[in-house]
Amino acid sequence: MAEQSKAPLLQLRAVEKRFSAGGLFGKKRSVAALDKVSLTVSRGEAVALVGESGSGKSTLARVVLRLTKPDTGAVLLDGRDEPASLAYRARVQMIFQDPFASLNPVHTVLHHLARPLLRHRKATKATARSRAAELLKTVGLEPAEEMLDRHPHQLSGGQRQRVAIARALAVEPDLLVADEPTSMLDVSLRAGILKLLKGLKERGLGILLITHDLASARALADRIAVLNKGRIVEEGTTRQIIEAPQHPYTRALLAAVAAKD
Ligand code: ADP
Ligand code: MG
């Protein structure tokens, strides 16, 4: 079990990440994918990072996962600047947008769950199957025993995303980073996945939901941070942001949701 501390579970302090981009007339210029981004996520809290395509959301996810090193600023977990390691990867797990691409078609559900269980020593060969069945129950995939022997193509999109979430939970993480977890799913399945994530949050996980969709942020998040061109332009409780948005960019995002309703 990770040690508890007063510091937030996740803290980003003025994180900056620039990429060089080919400018006009062949001049190289650098673009800030993340411009002094500060953000916290506590245990038992879901924070949504909302922004349009290109605003820097995936870069932020990569920085949190320590797949990308920020140019300046810090990423702290429980107040510590931990290097990327097996232990770090166990504490911070990612849920991707496309549950089909994130599962291997040649392997069964059991294989997908047993692998992290064994690698992170959360189960032995003797206990992996029963632990995997428990994980499937946690994510609402039943009958679990039957699901364990299925291959990804025998599952619906929503069921696949549940397997991906079960796999993330296998290593007993403290933080889930979910990058557009419902955007590839039928609208009818989205609410179920968000409800599942909400239940996990209520059991103490920290969740960073990354999305272009304020409606899913509203369904899950306690707080919303609005990202525009690498900058957080507005941040507040979900209620504040939805009911009294201050920044014109947030208003524009909200208008786009209202137009869809
Ligand atoms: P989002 O996930 O919100 O769509 P990204 O984080 O993918 O945004 O991208 C933010 C900005 O950074 C974009 O302008 C994108 O072109 C740029 N960018 C992202 N990754 C790279 C990279 N590896 N090399 C160069 N530019 C990148
Ligand atoms: Mg993205």
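Let's start with ligand 1, whose surroundings are Phe19, Ala33, Glu52, Ser53, Gly54, Ser55, Gly56, Lys57, Ser58 and Thr59; a residue is near a molecule here if one of its heavy atoms lies within 4 Å of it. Before I go on, this is a predicted model, where local features need pLDDT of at least 70, side-chain atom pairs count only at pLDDT 80 or more, and totals for chains, interfaces and linings use all residues. Residues are numbered from 1 along each chain as its sequence is written, chains are lettered from A and ligands numbered from 1 in the order in which they are written, and side-chain values use heavy atoms, leaving out hydrogens and water.

Back to the ligand. Which residues bring polar atoms to its oxygens? Gly54 places a backbone N or O atom 2.6 Å from an oxygen atom of ligand 1. Lys57 has a polar side-chain atom 2.9 Å from an oxygen atom of ligand 1, and a polar backbone atom of Ser58 is 2.9 Å from an oxygen atom of the ligand. On its own, ligand 1 exposes 560 Å², and the protein buries 56% of that; these areas come from the Shrake-Rupley method with a 1.4 Å probe, and for residues only the protein chains shown count as cover.

Which helix gives the most to this shell? That is α1, residues 57-64, with three residues. For the record, buried means under 20% relative accessible area, exposed means over 50%, and partly exposed is in between, with a 1.4 Å probe and protein chains only.

Now follow the chain out of α1. The helix is followed by Arg66, which sits in the loop between α1 and β4 (72-77). Arg66 is not a glycine, yet its phi is positive, about 65°. That is worth a look, since most residues other than glycine have a negative phi, and most peptide bonds are trans.

Arg66 comes up again as a contact of Glu82, along with Leu77, Tyr88 and Arg91, leaving aside neighbours within four places in sequence; contact means heavy atoms within 4.5 Å. Glu82 lies in the loop between β4 and α2 (86-91), and it counts as buried at 15% relative accessibility. What does its side chain reach? The side chain of Arg91, in a polar contact of 3.1 Å. A polar contact is a pair of N or O atoms within 3.5 Å; within protein, one must be able to donate a hydrogen and the other to accept it, and residues adjacent in sequence count only if both atoms are side-chain atoms.

Arg121, in the loop between α3 and α4, is not a glycine but has a positive phi of about 55°. Is Arg121 buried or exposed? Exposed, with a relative accessible area of 75%. Then there is the peptide bond from Glu142 to Pro143, which is cis, with omega near 0°; Pro143 is in the loop between α4 and α5 (144-148).

Let me finish with helix α7. At 1.5 Å a residue, its 16 residues, 187-202, should span 22 Å, and the end C-alpha atoms are 24 Å apart, which agrees; the expected span is 1.5 Å times one less than the number of residues. Where do its buried residues point? Ile193, Leu194, Leu196, Leu197, Leu200 and Lys201 are buried in α7. They cover an arc of only 155° around the axis, which puts them on the same side of the helix; the arc is that of the directions from the helix axis to the C-beta atoms.

On the other side of α7, Ser188, Ala191, Lys195 and Glu202 are exposed. The buried residues pack against β3 (46-50), α4 (128-138), α6 (157-170), β6 (175-179), β7 (206-211) and α8 (214-220). Val187, also in α7, counts as exposed at 64% relative accessibility. After the helix comes Gly204, with a positive phi near 115°.

Terms used:
Helix = DSSP H or I, 4+ residues; strand = E, 2+ residues; numbered from the N terminus.
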